[in-house]
Amino acid sequence: MAFTFAAFCYMLALLLTAALIFFAIWHIIAFDELKTDYKNPIDQCNTLNPLVLPEYLIHFFFCVMFLCAAEWLTLFLNLPLLAYHVWRYTSRPVMSCPGLYDPTTIMNADILAYCQKEGWCKLAFYLLSFFYYLYGMIYVLVSS
Amino acid sequence: MSAPGRTNLRGSVGYSQNSTPNGGAAPPCQNGPLQTYPPMYPPTGYYGAPPHHQGYPGVSAPGKAPVTNSANYYQSNQQHHVAPSSYSAGPPPQPYATVPSSAPPPPPPHAQYSQQPFQQPPYAPPGSYYAQQPYQVSPAQLHQQPGLVAAPASGPGAPIYPSAPGSGHYGTTRTTTAPEATQMGAPLHHYSAAPPPPTAALHPGYEAAAQMTVNGKGCAAGVQNSSHQHYDQSHPAPRSYNSYSGGGADRPASGTLSASAHSSPGRHQGTPFGFAADSGASSASAAASGPAGALTSSSSDDDDEDEDEEAGGDSSSSSTGSASPVPNNYDSLEGGSYPDSMPPSNDMTNQAQPYSNYGYQGMPPAYQQGPAQPTDAPPSQNLYGPSGYQPYSQPFPSLSQLSAALGGLSGVPELEVEALRPVNLLQERNLLPPRPLEAPEPDISSDLKKVNCSPQTFRCTLTSMPQTQALLNKARLPLGLLLHPFRDLQQLPVITSNTIVRCRSCRTYINPFVTFLDQRRWKCNLCYRVNDVPDEFMYNPVTRSYGEPHKRPEVQNSTVEFIASSDYMLRPPQPAVYLFVLDVSHNAVEAGYLKRFCDSLLENLDKIPGDTRTRVGFLTFDSTVHFYNLTEGLSQPQMLVVSDIDDVFIPSHDSLMVNLKESRELVKELLTSLPAMFSQSRETHSALGPALQAAFKLMSPTGGRVSVFQTQLPTLGAGKLQSREDPNQRSSAKGVQHLGPATDFYKKLALDCSGQQIGVDLFLLSSQYADLASLACIAKYSAGSVFYYPSFHHVHNPAQMEKFRRDLERYLTRKIGFEAVMRIRCTKGLSIHTFHGNFFVRSTDLLSLANVNPDSAFAVQMSIDDSLADSSLACFQAALLYTSSKGKRRIRVHTLCLPVVSQLSDVFAGADVQAITCLLANMAIDRSISCSLSDARDAVVNAAVDFASAYRSSVSNLQQSGLVVPAVMRLFPLYVLALLKQKALRTGTSTRLDERVFAMCEFKTQPLPQLMRMLHPDLYRLDNMSDQGALHLNDAVVPQPRLLHLSAETLSRDGAFLMDCGSVFYLWIGKGCGETFIRDVLGCPSYASVPSNMSHIPELQTPLSERVRAFLDWLQDNRAFSSTFHVVKDDSSAKAAFLQHLVEDRTESASSYHDFLQHVHQQMSK
């Protein structure tokens, strides 16, 4: 049993995924608030937009870490989300500031539903990957 | 009614409003659309910075807080400062308290506002002050007394502004400084005899508020010619009422009771009534007494005439009000203001368009001519008369409200059979009705039908609401509403009532479709909650009887307007503020619009909606931004140039937006000299972005309307744009790029504007590409409008010039509503999916409209969340809360009721093909911006294919093969084809990007009839019109020629054809057109001598010419913007413009109608 770079990667990913889970929950709550009239779309977009890039970067960061650690399976599992993030960010509306959400279109029922669904899917993905990383970490620690 | 009694009553009313305001108990977010403001822009304060809150003591405060204690007063104020009412700003006390009223206040207003209240303890205890003092100062205060009564002019809202101690103070200042004024006023008020002490004793708090109102008024009227800060001028009460008051001298005598006429049309009990009139009267008297007052009253007559439906009520009050000792009631409103009006229940259904003299009386014959297809069924106008109506109305038994749906469920065989008659489009070619289609009627009981909302205002794509989303999906038709909420109406019941009765849980306004369980309870038709009927509502002002809540005007009309109380305000209603932002670069000078604009504005300066508080400002820009100081007293306008466009600032805060009344001469001078000032300009750059930023800064304290005139691509400063159009791609069939904005600068600015209640209207007069896709955002999200004049030039393009002139005239003089919000509520189970139009969507059902104008419409896509099985009726209610140009807060409520059906065939039978097409167009525009144009086109074609397939699969016993659709929808494929050939969506034909984008903007904002004419113009043959079925209106005979198919087949060389495209008429003259027509109508000897650019019909005294002109006038009658007219000769170059509208024909890039049907048919069988 040895503390390898891979084990370090898994530990780091574990922590960061916990953070991402909070991001996802925050998104879900925010969109729910929008849907139930509690928040004004401009404010909501202003609070959500700055969080988008950090989330993507965190995910990108530990994908790179896994690449360096040659954890191919884990990397492979994360690639679809990475690709999705790239696609999502390149197809964002015309905006001068970072972020994805445009207050003028966010109240469109389709977009709102999409964002909510996206939030739930991400939450599920992060939760699953959280346990996967936990398992991966222990496995790496034990096997090496 | 004795004076004390009256005052008491009012006092108590006021109290009850203050303590339990209408809906006040409900959580703020539910309390009317307005209540949702606070969370909106918390940091900046929706209506200004926090200092304002402090400075403007709340309305509610006087009522709620112990009035005798100044400290308490302000504390409570502070506590409430988030509440809407606390915005009700009185003018800042200081200037008037300490300085003579004419002294201009020192510049930094905010500082004053914030400090003021606390520094002025002497004036702070309003209650005690007025309860004790006023009546000791006899003549002056006697004058105040009636005014006191007048205070609650806008119902519960009255205590509003005035309640600010500062304003109260004004009055004092005024009465002391100008005693002659009050003395003048005093004798006019009979009610000054009212023994004040009891009143005061009974309701000190209210008294205080009311009293101060008056004072505020008097004072503001008196001092309005001094240069105020923004909020002084926006002090709403005084000026708005002044404007209603006509000559102060003849009205005040009316006193309270007669006054009721004024405020209201009698739709409420005697008590609350009189307020508006009273206040008008009192303020008028006050105004008339002062120098400024004289100004006010002299001009108020014009104001009265301006506002169409207000004028009715108001003028009736001025004529009958002073004479009648009885509360003027609903009848008298009807009788007084609308000479040939009908019973109250009619006025909803008869709303004709503004300029219509003709009405529709003559219609039935024309209708009877046509086949009795349900789509031709006349709309619910009663004017159609029973004869034309009976065939359709007979089948409907007069059902009670409760069983209304039975009519819908059981179905009406004849009607439905006809609507559902299968039509094989491939065989039946002649499908057009003889006259333009009318909206189908919902299949509800005739009682409900009578009161249902006019289809011109409110229309649903499916007049039979499917029960479930599954059923809707089966029908493959879009579900949505088309709304034209602020349409010019000829008749509109205006209701002033202390309590606006609304459902306690969903806040729906009471409407004709609620159910009265018994005398005291009503059941909401949207959420089914059982509510109590308030006492006040039991009295029916129409019959002046008690205990008939179901006869109240609110329950008899599905379109009503309420005068809102202070509960519906976040701040005092803003004045009408107009800022004109003019491009004066070289390009603009070349185009020469400036002269035309200045002339138009000069002509219409007196017709601009507003009151004495109206303010205007001008701002011009090229590579720098120029401001104009128009403060009264200057000998000529001062131009201030700001060349730092990267950080544009406002050079002077209080002199750039000036009161129109006071600075009228300077404004005129500026408008006269403006065109010449820049005639030598060589500056080619355009700093539109910085100019808009400056406009935003200039307007943000008040809100209002910004009109931007732009002639080229903005090239400097923030928001500069690059040309994105590739001329070679104009006719590309592949796809069109750059339909979306290039930058979000304009969108963000528009959102900021919307937050500050600034609406921006864009006039683009460009001959080059100017990136309308980006620029239009400024209007789109601030609820403005877009006007586009491609290749505008004052000499080379007279047609555009003429159009510009006409549009400007309408634009400047049309009604306007400020700081508006619109909420659309619908029956439980339905929800709003998407909005289309110009606005900012603030929550799932709330639109924020900085300005609302009578020419813009909205579309709403709906979805069905839950099954509607347990209800038989589905209702929609659109409530538009706005501030009129007279500074009154008003709520216009429209309610639409539709039957719920469970059968697919019923859904098909109730389809409204025009509404469906318009909604589809809106959806397609969205799609083409978010995805691509070809996607959108495919989606539109698929809509037709899907619908035809859905119909075929739903009808199992269908014998025919081919493309079969129900008769109601027989025009659907034609409209879809027409949609594909529109500038907005066409491919393959050379279309400039800006023109395409403008067409898209039009689709989003034009009302349905206009849109349908754009989409599928009406074609008539004029040279052989007969009098058969003609309308006889007044002394004119209006022939009703048959509608023709838009195909070259129907044109013949020997005829003259009129095509009505909404904003433009084409008169096409065939080569072999009869000499008589050319001579009698066009006044030319022969075909060859008809000039090629003829743009009007000469007024000849021949019968044929009279017929043609009568017909043209009749067509034009209901339009907001008058249409231009072109005579197109068969061999002229303008022929192409005419021919492109013949949508059934094949063009180089698009298929013919027949080919299109074949295509749809093929797609179906796939």
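**Figure 1. Residues 1040-1112 of chain B are 25% helix and 18% strand, with end C-alpha atoms 11 Å apart.** Helices (H or I, at least four residues) and strands (E, at least two) are DSSP runs, numbered from the N terminus. UniProt places the feature "domain: Gelsolin-like" at this span, from an unreviewed entry. UniProt positions follow the numbering used here, feature names are shortened, and annotations may be inferred rather than shown by experiment. This is a predicted model: local features need pLDDT of at least 70, side-chain atom pairs count only at pLDDT 80 or more, and totals for chains, interfaces and linings use all residues. Residues are numbered from 1 along each chain as its sequence is written, chains are lettered from A and ligands numbered from 1 in the order in which they are written, and side-chain values use heavy atoms, with hydrogens and water left out.

**Figure 2. Five strands of chain B form an open, mixed sheet in the order S31-S28-S32-S33-S34.** Two strands pair if DSSP finds at least two bridges between them. Strands S31 (1043-1044) and S34 (1124-1129) of chain B are at the edges; each has a single partner strand, so one side of each lacks a neighbour in the sheet. S31(B) runs antiparallel to strand S28 (residues 1018-1021) of chain B, and two bridges join them. Tyr1020(B) has Leu1043(B) as its bridge partner in S31(B). Helix H43 (residues 1103-1116) of chain B packs on the sheet. H43(B) touches S28, S32 (1056-1060), S33 (1064-1069) and S34 of chain B, where contact means heavy atoms within 4.5 Å. The direction of H43(B) makes about 10 degrees with that of S32(B). Axes are lines fitted to C-alpha atoms, for helices over the stretch in contact, and angles run from 0 to 180 degrees between N-to-C directions.

**Figure 3. Strand S12 (residues 577-583) of chain B is mostly covered.** Seven bridges join S12(B) to strand S13 (residues 615-621) of chain B, in parallel. Val581(B) has Leu619(B) as its bridge partner in S13(B). S12(B) also runs parallel to strand S17 (residues 704-710) of chain B, through five bridges. There, Leu582(B) is partnered by Phe709(B).

Figure 4. Buried residues of H38(B) include Leu933(B), Arg937(B), Val941(B), Phe947(B) and Tyr951(B).

**Figure 5. Residues 817-901 of chain B are 0% helix and 71% strand.** The end C-alpha atoms of this span are 37 Å apart. UniProt (unreviewed entry) places "domain: Sec23/Sec24 beta-sandwich" here.

**Figure 6. Cys68(A) is found in helix H2 (residues 41-68) of chain A.** Cys68(A) is exposed, with a relative accessible area of 54%. Cys9(A) is 59 residues from Cys68(A) in sequence, and the two are 9.1 Å apart, C-alpha to C-alpha. UniProt (unreviewed entry) places "transmembrane region" at residues 7-29, 56-82 and 123-142 of chain A. Residues 7-29 of chain A are 100% helix, with end C-alpha atoms 33 Å apart.

Definitions and conventions
Buried means under 20% relative accessible area, exposed over 50%, partly exposed in between (1.4 Å probe, protein chains only).
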